[in-house]
Structures are given as C-alpha cells and as structure tokens.
Amino acid sequence: MAYTSDMYKQHITFYKYFVDDIFFAWHGNETQLDRFVRFLDNTTGYLTFSPSYSKEEINFLDVNVNKNIFGNISTRIHRKDCRKNNILHRSSMHPRHITKNIVTNQVLRCKRLHTDREELTDAMSRLTTEFVERGYKRVDIDRVVAEADLHESHKTKPYYSDEHLMNVPPDKQGPSLPVNRSCLTFFNDVYKTCDIIKKNWSILLTDPEISRVVGSTPSFSFKNSKNLKKKLCYKQNKTCDSFVSQRKGEEKYGVGIKHKSNNIVHKKKITERFRVNIYQFLHAMVFAVEEINSNPSLLPNITLGMEIYDSCGVAAKAIEATMWQITGQEHYVPNYRCRVEIPLAAIIGDAASKNSIPMAQILGCHDYPQISYGSTVALLSDKKRFPSFLRTAPSDTFQSLGVAQLLTQLGWTWVGIMADENDYGQQGSQIVKEELLKSGACIAFFENLPIVYEEKRARSIINTIKRSTANVILVFSGEDSIISVMEEIAKQNITNKVWIGTDGWYTSAIFSNNLFWETLNGSIGFLFQKGNMPHFDQHLQAVHPLKYPNDIFIKEFWDNTFNCKWISAANVQTTKENVTEEKDICKINETLHEVSTPFLDVSRLTFVYNVYKAVYAVAYAIHDMETCAAGERPLENRTCTDIHQFEPWQLLHYLRNVQFRTSVNDEIFFDTNGDPPARYDIFNWQVNLHNVASYMKVGSYDSSASAGQKLMINTSIISWKGGSEQVPRSVCSESCPKGYRKSPQQGQPKCCFNCVQCPEGEIANQTDMNECLKCPFDYWSNEKRDACYPKPVEYLSYKDPLGATLASISTVSSLMPLLVLIIFIKNRDTPIVKANNREISYILLWSLSVCFLSSLIFVGQPTNITCMLRQAAFGIVFALSVSCVLAKTIMVVIAFNATKPNSNLRKWVGLKLPAFIVFISTLVQVVLSVIWLSQSPPVSECNMTIQAGLIIIECKEGSIVAFWCVLGYLGLMASISFIVAFLARKLPDSFNEAQFITFSMLVFVSVWLSFIPAYLSTKGKYTVAVEIFAILASSAGVLTCIFIPKCYIILLRPDMNTREYLMGKGAERNKKHK
C-alpha cells in the first residue's frame, strides 16, 4: 500500500497481503471505497485491481473472514467450489512420515482457522470422512487429533461460547488474548527458567479471568551480554560419568564413545531390552583405557579419561551427544567450545552408519578425529565429505566384494537380496548386485527392509521369499530391520533357504533364541576378523557395581543378570520400599563367576576388538604427537605441537599416520581413506545333535591377499540344511550339459534358460555354453554334439561294396569281347565272319573290351591324373566303338547297293573306306578331348557341400561345355548309325546285319539318354556309379545285339555258316519278295 495517499490511509484499519491478494478492513462508505480503487488503478498504469467487498464476510486465500451476531470477527476454512478431494492416498509409495504429516498438518490447519466450536466440529467431521475415503484409518486420525489438541493447548486462544459472550460487556467481548514476547539478557540458567515458565503457563490459562490478564504462553529471545562467550560457556552443576580419575600432576584427555540404543522396534511397539553385547563394547573401551593408563611406556605422563553417551540408535541423539562432547556442555551452542580443563582428544563411535554419517559431517567441520568401530558403509570412505572420519571396521565395499566372490565360488547364480533402506543396506547390496551380474549370476528378487516395521510390507516380503525358486538369500541389514521379518519366517516354517548374513546382524544375541535355529541352521555369515584381547575375560569377570559406582548402565545389567534389585548404600531405605515382590534385593557379594551370561563370552571378539583397537589408535597418536617424530610435524614451520594445548586437526594428522602392533602382534594402520585392512572370517551356523547352536569358522577373506588367495573356504566342514555335506544348488535353470547351449527364456533374466542341442556341425564342449562352436571345415560333430571328429572321406572305392561290384562286372565283361574275338579269329575264313567286315569287327570287339575296362578308372580315389584319364579314355574308346558300328552300317548299305548293275559304289567296297571312317570319326573325338584337357581339364575336388558331415572326393569336369560336347558327339554318331541301320534293315540277303546294328544303337542311345537325368540327379559316389553303369550297359548292348547272333551260328549252327546256305536263302528270299 505504498502508493496510498494520506487521504485514504485513515480509512484502512487493518492490512495484509499475499503475492497479488490483498486483504484490508475499510472504515468508510462504499463511495469512498470505489474512489480508492480507481485511485489505485490510475496510480501504477500496469496494475488493475478487481475489488470484492462485503459487510458480512469475505474470502482471503483459504480463509473465510466473517462477523458473528455479536459483531466479533470469526474465521473458518474457505473451500472453492471446484475443489476435489486430492489428498495423497495412504497406500502410495511415499514414506510413512509423509502421510502421517499430511493428517497432522490438515488437522492443525482446521483447528487454527476455525474459531466457532460447531463449525470446527463439522469441519473436523468432514476432514475425517475425506481421509477415510483416501484409505486412512479412523484410529490414526483420532490419535493425531488428540496430539494436536495437546500441541496447540498453549498456542491457541481460549474459546468463548456465545453464551459467555452475551454476559460480557460489548467493549470486552472477543476471544483475543495479549501476546507476550520477552527479550532477556542471557544468563546461566536461562534455559531452565524458560522451561519452567512454559511448562507451568498452561495452569494460568485454565482460569478464563487470569488468562485474559496474563495472555498466551510467552516467547523468549535473548540479547548479548558484555561477554557472550563467558555467558554461553557456563559451568553446569552435574556429575560426569567417568570410569577413571585424574592423577595429580598429570595431563588428562577425554575420549568419547557412543553406542547403540537398548530399544528395538518390534511389531509397532517398543520393547526395552538390555543388550549385553553393546555393554560389552563399553567395557572394551574401559579395559583399553585402563590398560593404556597402566602402561608406563606408552603415555607415561598422560591419563586418558572418557565420557560415554547413549545414542539410542537415533541419529538425532547421536548429533546431540556429539554437540555435548565438542562444546563441553549439555545446553550446547554451535561454534562455542567450553572444554578448557580436559581437552577432547577424539570421539569413538557410533556403531551404526546411519548415526556416524551426520556425526562425521559435524566433526569434519571442526576437524575432530572420529573413529568408528562398527560403521562400515562405503560412503564414509569419501574424505572430501568426511575428512576427519576413520574406522577400525573395514568398509562394506570389501565385505560386498567378498560376499559376491563367495556366492560365485559356491556356484549360486540365482540369489535373492534383502537390504536395509539406508546407506548400509543399499550401498552394500548394490555392490554385491553389480559383482554378481558381472560374473553371470542373476538376482531373483530385491526387497528393501523398512526401517520401521510395517506388517503389510513384511507380508509382501515373505510372500516373495515363498514364491521364489532361489534357495540362497543374502540379507544386507542391521538386526533391528530383519528381526521382525525373520520371526515371521520362522513361524511360517520356511526352512528350505540358505541365508547369507553380514556383520550387521549375523551374530546378534537376539538370534540365539531357539525360535530361529531351524531357520538359520546352515547359514553363512561374514564377520570382522576375530581378535584376541589378553586378560579381557578377567576384566569382565571382575565387573561389579562397587568397582564402577559411576557406571550408569551397570545397575540395569546387574538387575537383569541376577534377577534382583541393586540398591546403593545411600538410598537403601527408599529403594527397599519400591522393590517388587518378584525381585529380591541384590546381595553385595554376587559375582559374574556364578552365572552364565553372554557378557563373559570372549570367543567372538569382533566389534569388541574394533573398540579396543580404536582406543589404542588414539593413544598411539597422542604418543606420536608427544614424541614429535621427525618428518611428521604438521605445523607449517615444522615445529612440534604443544602437548598441553593442541588443536583437533593436529591430533588428526598423527592419527591418520598411526601404525602400531597390538599385544598379539596385529598390525593396525589406516589407508588414505581412513579404512583399516579388510579381513573377514566366514562362519557357519551349526546346530548339533544336542540342540546346541554354535558358529563354526569355515573360511576367511583378506582383501590384501593376491588374486586367487583372497577367499579361502573349506566346504567340507560346512553343515548345510538337514546335515547335508553337499553344497546346495541355487539356480534358476539347471546347467546345460555338453552338447547343449542355453536358450534364454523370454522375459526372464539370463540365468533362466532352456537347453537346446547344438545343430549338426556345431558342438558345445563345455557346460552352460551360450553359443555352439562350429567345427573346422574338415571336421564334423558327433552325435552327442560335444566333440568334432574328422569328416569321413567318401568316393567310389574298391573297398566299397558298390565299387567292388562294378569293378568285378567291368573286369568280367571285358573278357566277353575278347572271347568273341577269339571265336572270330578261329573262324575268320567262315562265310559269316567274312560277310560282316571281318577287320572292322576285330577292331570293334577290341574297343568294346577296352570300353568295359575304362570303367575301372572311375573306381578308386580320384586324382588329377585319373580325372583326366577317365573322361578322355571314355570319350575316345567309345568314339572308336561307335565309329566302327557306323562304318559297318555304311558298308552294309554300300555292299548291297554295289551289287546292282552299273553301280559306282563298287569302288568303295573294301577295307579302305571303313578304316577311313573309323579313323576320322575317332580323330574328331581325340581333338575334342585334347582341347578339353588343355584348356580346362577335370581336376580332383573335395566337396563338403553335397552332404553334411562328409568330404566327397570327386572329379570336377572343368569345362561343362567340353564334357557335354564329348557326350554329344558320341550321341551324334550313334544317332547316325541308328538312322542308317534302320533304313537298311530290309535290304535283301542273309548277310544283312543292319537289323542287329539297329537294335544295338537303339540300346546305346536309350542308355545314354537315361544317363543324363540320372547323372544330374545323383551326388557323390553315386554319380560315378551311374556313369559306370551307363558305360557297362551301352557296351554290353552293342556286344550282345551285334555279335551274339553270329556266335550262335558259328558255335551252334555250323550248317548255316556256309556260302550256299546263306546265298540260297538269300535267293529264295529275293524271289518271295518279287
């Protein structure tokens, strides 16, 4: 309202705004208000105001402001007509505190904006209905309303009913109370004074008359005094719970320790339990401090003291305790340090990573050394974020790598993972997951364990475990998160799983209950390497309330151990009156020797040993700082640190470089990330026949060892489920044997697959192969598809039955023409031999014998020489045979036509013409063969494509054209012979053999015409067999058709082998023809 002129300011009695919404009370008439609005529109030139006013009520943002019947201002919530019930549904995936805060904020908003009781009741009823519709429970809403009533009791103004207002004078009506604000000068007990005032002010507000006078609960602020630091660092009147006293004349340094809570969350209720193992951690520090103070050579003039705080397992408590220690006072003020007499050397703790992270962030700002004995989350190794953090517990990175290597080495490729919803669980499990995926394993399921127990989430997790086929489940969690889920698993008797535990929960005393024995029997756990602390057992046995009267925990420990009530001498009478009948008063002479308690168990000193090492690391750092070793001076001028006055960062320098050996010769040092050497022991949870549970060491993991030696495990001593000695299997699909490859299942991880046999020519010589391996070109797979063997070589050999048969037939058949030739030679002067071109017949018989023998070249392993010989010999010899037949046919025609009077053919009768025909016809084939062999000769070839798994050695023709030309030429001569003989078949005289030649050429042509499709349709050795068969068949056809009838006459009918008989028969035949 900066633009408002003075003439309008007198009308504005109240004014508020939010962004572009303005609310004000106008004291004047409507005409003046309209004039004021027009004035505002003309003032800026770029703003336009849209006024809305009323004498009864008006809406401003989500508030409806109205005047009641008494003229008093009242408010209620304003909801627009377009409003929808868009409250976040309770079943959403948001954290639970979000949905709870939504209810709390809406209830507080409703209570603060409603001034009328009835309207408030109606509004709360509507709000409750809306929340119920969105899945919220009415019981939870009622609890929030009750909490809001308590929260607002000292903030909200007292409510005045209409009846009360009617009895109050008009000038005093209204619910408003004066607001008290006090600005005080800071003094020592200012906090206590403010607390007393705030706690008791509600008593004054119960009386209406007094409340109108005193007003609301006051708010306090403070102004500086002359010496603010002196005022802030006031000395508190409280007793320090220390376990050691200062020796006169010596320096004393404090070492703080923090430990977990004694409370655990279990099924929505908090159960108080005294954790003996945590109390053992505390005494590990006491033991270490006492041992160091009694060592004259380590810190001879320095006494270590300690202050112990309980973080209760809550980060807020851990931060509060951290501020107590670094400021030196309970009501701490940041950046002010009031420790003057006893400097704080270092802080040891916390055990939980979730608490150590905020502590390290605060301590890192002040360079205070912090050594944790149980925080293992990998994030804390980041020195940029946590520069002053060190630890004696190794980083979870190494534990995760070790767990992943263990799972891989045991052959578990199908693993379920459960992890805390914090840095410890998420970062550690993520490293395991990445390493498993690198090694080829798969994650069956990944479930987050809620920090606060939720029954619905727990049921979902358990159902996932029951449905999963994974037999191995890794739990990367703390004991608080897993205990409730594990209890339910034990109750549902889920005992077929192997559990892999981490250091966060595996050795917790909670799981020593026999409820978990059947579930956890056979499980495997990773734990810090067990340490050895000489005389620590004696220290624990000597613990007694009289020895440590300032120990604030020993009273509860003693009561739980001996089931009695410990009372001190100062308040014996008062305490006796409060002792219950169930418990007696403890005797003074009880000792821990009399009872069996886990507190005295020193067989697994893991976290305890880490506490011990942390205290000694601080002691040795102080020792190095005191001795000021050369080359380790942290100051710029290379001077030594004043041991009486040193800054935290100076001790931090020595602590980072500390290196020493314990009394049992364990070397202790920190790397550049503040981490110790990572060494783990691997334990197996075993329950023997006497139902006694124990941890058996079965292996170890050392990150500093060489590759292949980091993980050492003896599976022979591991007791698995049911006492089995065989390593359980946890796979999605069983291993594929040799000869099979993995075929992924659609929509499933790669570990889920089917086994498919390798195809022919490919093998899988190992199990679980993703792809089959192809055999070399001259090798083939066996039937099992697990090995390659040389491909068998195939050709028509003499050892082959088919080759041997054909070779035998060829040999025998080649003797038949020679036998006929002998017969013809012996009867060469007989008419029948002389009448059929005796010399040509001799050549033909010889060539037929060679034709039979030429087929032998086709049998046997083909070589380049045999390939050339077989085609050339075949072509030339058959050309000679067919040319002889052609010559005989032509001579038959000439001989009969030469008998005619005045015939010119008589001069062609004789031996010269047939010899010429045979020579020329054969020569043409020889030329074709020479051209073929010289230009593109047939060669031997290993064919591996015709038939899988075989190497067929065959002759490649070289030139297909030349090959078919040779066959075509034979076919041409045979066709000519057939045509001529067919035309001369009816010539007269008994010497006419044209009919026999016709039949022989008919057989010859038929065989070779059938050869063409048969040759083209067969492969390998059968192609060669077809060609041999064609050679034998055609040769036998010519021999049979031409010479068998003549042999019949010569041998069986000599009476017909006379000139008279042949001529007479011919003359008679001529007469009949005429």
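Trainee: Okay, stepping back. How many helices and strands does the chain have?

Mentor: There are 31 helices and 35 strands. The chain has 1074 residues, and 45% of them count as buried. Among contacts with a separation of 6 or more, 66% are between residues 24 or more positions apart.

Trainee: And how confident is the model, by pLDDT?

Mentor: Keep in mind that this is a predicted model. The average pLDDT for the chain is 78, and 79% of the residues score at least 70. Residues 153-178 fall below 50, though the model still gives that stretch 37 contacts beyond near neighbours in sequence. Residues 1066-1074 also stay under 50, with five contacts beyond four places in sequence.

Trainee: Back to the region around α12. What is the peptide bond from Gly349 to Asp350 like, cis or trans?

Mentor: That bond is cis, with omega near -5 degrees. Asp350 sits in the loop between β12 and α12. For background, most peptide bonds are trans, and most residues other than glycine have a negative phi.

Trainee: Which way does phi go for Asp367, positive or negative?

Mentor: Positive: Asp367 has a phi near 60 degrees, and it isn't a glycine. You'll find Asp367 in the loop between α12 and β13. Its relative accessible area is 28%, so Asp367 counts as partly exposed. Asn665 has a positive phi too, near 70 degrees, and lies in the loop between β22 (659-661) and β23 (667-669).

Trainee: New topic: salt bridges. How many does the structure hold?

Mentor: It holds 15. One of them pairs the side chains of Glu57 and Arg76, at 3.4 Å from N to O. Glu57 is in strand β3 (residues 57-60) and Arg76 is in strand β5 (residues 73-77), so this bridge ties together parts 19 residues apart in sequence.

Trainee: What else does Arg76 bridge to?

Mentor: Arg76 also forms a salt bridge with Glu119, where the closest N and O atoms are 2.6 Å apart. That pair links distant parts of the chain, with Glu119 in helix α4 (residues 117-133) and Arg76 in strand β5, 43 residues apart.

Trainee: How about Glu734, which residue does it bridge to?

Mentor: Glu734 pairs with Arg729, with 3.2 Å between the closest N and O atoms.

Trainee: Now Gln925. Why does it count as buried?

Mentor: Gln925 has a relative accessible area of 0%, so it counts as buried, since the cut-off for buried is under 20%. This residue is in helix α27. A polar atom of the Gln925 side chain lies 3.1 Å from the backbone oxygen of Gly875. Past its neighbours within four places in sequence, Gln925 is in contact with residues including Ile876, Ala879 and Tyr969.

Trainee: Which nonpolar residues form a patch on the surface?

Mentor: The patch is made of Phe916, Phe919, Ile920, Leu923, Val924, Val927 and Ile931, and together they have about 610 Å² of accessible area. Ile920, for one, is found in helix α27 (residues 912-935). An α-helix has 3.6 residues a turn, so residues three or four places apart point the same way.

Trainee: Last one: where is Gln399, and is it buried or exposed?

Mentor: Gln399 lies in helix α13 (residues 396-409) and is buried, at 0% relative accessibility. Its side chain makes a polar contact of 3.1 Å with the side chain of Asp396. Leaving aside neighbours within four places in sequence, Gln399 also has contacts with residues including Tyr424, Phe476 and Tyr680.

Definitions and conventions:
Residues numbered from 1 in each chain as written. Predicted model: local features only at pLDDT ≥ 70, side-chain atom pairs only at ≥ 80, totals over all residues. Heavy atoms only, no water. Patch = residues over 30% accessible without salt bridge, like charges linked within 9 Å, V, L, I, M, F, W, Y side chains within 5 Å. Areas by Shrake-Rupley, 256 points an atom, 1.4 Å probe, with all protein chains shown as cover. Salt bridge = Lys/Arg side-chain N within 4 Å of Asp/Glu carboxyl O. Helix = DSSP H or I, 4+ residues; strand = E, 2+ residues; numbered from the N terminus. pLDDT = per-residue confidence, 0-100. Contact = heavy atoms within 4.5 Å. Buried < 20%, exposed > 50% of the residue type's maximum accessible area, 1.4 Å probe, protein only. Polar contact = N/O pair within 3.5 Å; in protein donor to acceptor, adjacent residues only side chain to side chain.
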